[in-house]
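This report describes the fold, the overall dimensions and selected local features of one protein. Please consult the sequence and structure shown here alongside the text.

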Amino acid sequence: MQAFKHASGQPLHRSKAGYRWQTGFHDRIIRGPEEWLRHVIYMFCNPVRKSLIQDPWEYPFTSSIGYDLTEIIQDASW
């Protein structure tokens, strides 16, 4: 991870002065469908927690590759 951040961070810093990776990182192994669903819902609600929007569906960058978020979120028991 450190090598990736170093290799990708230098070009970013050269093109956008002041932009840098945050220090450290957190890695997690998801151990089952229930835990995976909790993470999906958590990330889906992040823009609301940060007061960027009121409804998570309003966020323009909410998407998924390979999964239908509408189906996943609507089927989840909140």
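## Burial, fold and surface

Of the 78 residues of the protein, 19% are buried, where buried means under 20% relative accessible area, exposed over 50% and partly exposed in between (1.4 Å probe, protein chains only). The model is predicted: local features need pLDDT of at least 70, side-chain atom pairs count only at pLDDT 80 or more, and totals for chains, interfaces and linings use all residues. Residues are numbered from 1 along each chain as its sequence is written, and side-chain values use heavy atoms, with hydrogens and water left out.

The protein has three helices and zero strands, in the order α-α-α; helices (H or I, at least four residues) and strands (E, at least two) are DSSP runs, numbered from the N terminus.

| Overall property | Value |
|---|---|
| C-alpha box along the principal axes | roughly 45 × 30 × 20 Å |

Of the contacts (heavy atoms within 4.5 Å) between residues at least 6 apart in sequence, 29% join residues at least 24 apart.

Glu-35 belongs to helix α2 (residues 33-49). Glu-35 counts as buried because its relative accessibility is 15%. Leaving aside residues up to four places away in sequence, Glu-35 touches Arg-28, Ile-29 and Ile-30.

Met-1 lies in the segment that precedes α1 (2-15).
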